[in-house]
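Below is what I looked up, entry by entry.

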Amino acid sequence: MVNLPFSAHIPGGLIVGTEIIITGRTDPKFDNFSVNLCYGHNLDSNTPLHFNPRFGSKVVVRTHRLNGKWQTEERSGGFPFAQDSNFEIRIEVKQYEFAIYVNHLQFCTFKHHQCKESVQYIYINGQILIHDLQLRGGQVRYDGKYSQPTSKPPEYSPYPTGVLSYPVSNGPIMIPPVPFTTAIPGEVIPGRLIFIKGAAYSKPTRFTINLACGPHDSYNFPLHFDVRFAFGSDRNQVVRTHKQGGSYATEERHQEYFPFFPSATFELMILVEKNSFKIAVNNKHFTEFIHRILPIQRTTHVMVLGDVQLHEVRFQ
């Protein structure tokens with residue numbers, strides 16, 4: 001769940017076809033909440049969409065904020081929310097308007113009054129529980145080039161200049177941009193759990209999750225988890241290996257099934273055990289990777305890159 005107020009960067013901004021999906025639960029007593037698409041990280045910036053359900057007056061206010069001033073409100077359409085109830089809000093970016101759906105039914109549209117491409121943040125405020133936040137479509141793709149297949153596991157080219165490395169966070173990291181690097185809070189010891197939720201692109205080649213001994217790809221990788229949809233001669237193959245001293249080692253390729261699909265959301269969990277990493281996908285055991293770099297406490301960072309959108313990364 002997400003603590004409010006909450007602000008998250010929308011990597012690449014908004015384009016036609018972008019969808020933002022929010023699921024949560026309303027508070028039994030609190031009066032209102034708001035979902036905002038902003039140029040900056042909060043309402044101090046221009047806000048092309050302010051979506052504000054108000055339980056006291058049973059109205060959903062839609063407006064926008066320009067140069068520090070709220071503009072004309074729209075209030076028609078009824079009130080599709082109930083207190084102490086689950087809800088889903090889906091905002092679809094169209095050429096001339098936002099189309100807003102509540103609980104799978106179209107509720108309203110809101111005409112673009114400001115440049116939609118300049119939206120960089122979603123800001124949510126109020127007394128509600130946010131269970132999940134997803135961004136579909138419109139994400140900036142990895143703009144590096146993959147190397148050609150070789151006899152060893154093909155490597156990605158170096159990260160583009162200015163790749164963001166997230167600070168240590170005990171809370172969930174929501175919809176971070178890819179390529180993505182973050183420090184793992186605390187020691188990596190048996191019992192630690194790394195949770196990664198995302199979705200592959202609609203026409204993916206590959207994406208990779210690395211557990212690393214530092215914040216750059218020059219460091220050793222205790223785990224290199226490489227999901228290949230169509231890369232070189234590989235089709236629907238997950239390659240597992242490690243990297244030490246700049247070289248990748250023996251690959252592990254055995255798999256009972258391939259758990260990833262284009263455009264489909266996945267939940268991946270890496271459980272640290274004394275002798276191995278155990279990896280589950282969508283709550284089903286997928287594989288086990290015996291530790292090759294010891295002690296496991298040398299693992300300090302998570303890296304994700306390739307043809308994937310990240311929805312959430314968290315640690316337990």
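I started with Asn-236, which lies in strand β18; strands here are DSSP runs of E with at least two residues, numbered from the N terminus. Asn-236 has a positive phi of about 50° although it is not a glycine. I noted the general rule too: most residues other than glycine have a negative phi, and most peptide bonds are trans. Asn-236 is partly exposed, because its relative accessible area is 41%. My scale is this: buried means under 20% relative accessible area, exposed over 50%, and partly exposed in between, with a 1.4 Å probe and protein chains only.

**Ground rules**

I am working on a predicted model, where local features need pLDDT of at least 70, side-chain atom pairs count only at pLDDT 80 or more, and totals for chains, interfaces and linings use all residues. Residues are numbered from 1 along each chain as its sequence is written, and side-chain values use heavy atoms, with hydrogens and water left out.

I checked the confidence next: the mean pLDDT of the chain is 86, and 87% of its residues reach 70 or more. Over residues 138–166 the pLDDT is below 50, yet this stretch has 80 contacts in the model beyond near neighbours in sequence. For the record, pLDDT is the predictor's confidence in each residue, from 0 to 100, and contact means heavy atoms within 4.5 Å.

**Around strand β17**

I went back to β18 (residues 234–244) and found eight bridges joining it to β17, with the two running antiparallel. I count two strands as paired if DSSP finds at least two bridges between them. One of the bridges puts Ala-230 with Arg-235 in β18. β17 and β18 form a hairpin with two residues between them, and Gly-232 in the turn has a positive phi of about 60°.

**Aromatic rings**

I found 16 aromatic pairs in the structure. Rings of Phe, Tyr and Trp (its six-membered ring) pair if their centres lie within 6.5 Å; planes under 30 degrees apart count as stacked, over 60 as edge-to-face and the rest as tilted.

Phe-207 and Phe-229 have ring centres 6.3 Å apart and planes at 40°, so I wrote them down as tilted. Phe-207 sits in strand β16 and Phe-229 in strand β17, 22 residues apart. Both Phe-207 and Phe-229 are buried.

Tyr-257 and Phe-286 make an edge-to-face pair, because their planes stand at 85° with centres 5.6 Å apart. Tyr-257 is in the loop between β19 (247–248) and β20 (265–272) and Phe-286 is in strand β22 (residues 284–290), so this pair ties together parts 29 residues apart in sequence. Tyr-257 is partly exposed at 23%, whereas Phe-286 is buried at 7%.

**The open sheet**

I traced five strands in an open sheet, in the order β9-β8-β7-β2-β11, with antiparallel pairing. Its edge strands are β9 (105–111) and β11 (128–136), each pairing on one side only. I got an average twist of 20° from one strand to the next. Within the sheet, β7 (residues 86–93) and β8 (residues 97–102) pair over five bridges, and Ile-89 has Val-102 in β8 as its bridge partner.

**Thr-63**

Is Thr-63 buried or exposed? Thr-63 is buried, because its relative accessible area is 3%. I placed Thr-63 in strand β5 (residues 59–66). Its contacts beyond four places in sequence include Pro-48, Trp-70, Gln-71 and Phe-110.

I found a cis peptide bond from Val-178 to Pro-179, with omega near 5°; Pro-179 lies in the loop between β13 (173–174) and β14 (180–183). Ile-175 is in that loop too, with phi near 35°, a positive value in a residue other than glycine. Ile-175 is buried, with a relative accessible area of 3%. Another cis bond joins Leu-294 and Pro-295, with omega about -5°; Pro-295 lies in the loop between β22 and β23 (301–306).

Terms used
Helices (H or I, at least four residues) and strands (E, at least two) are DSSP runs, numbered from the N terminus. Axes are lines fitted to C-alpha atoms, for helices over the stretch in contact, and angles run from 0 to 180 degrees between N-to-C directions.
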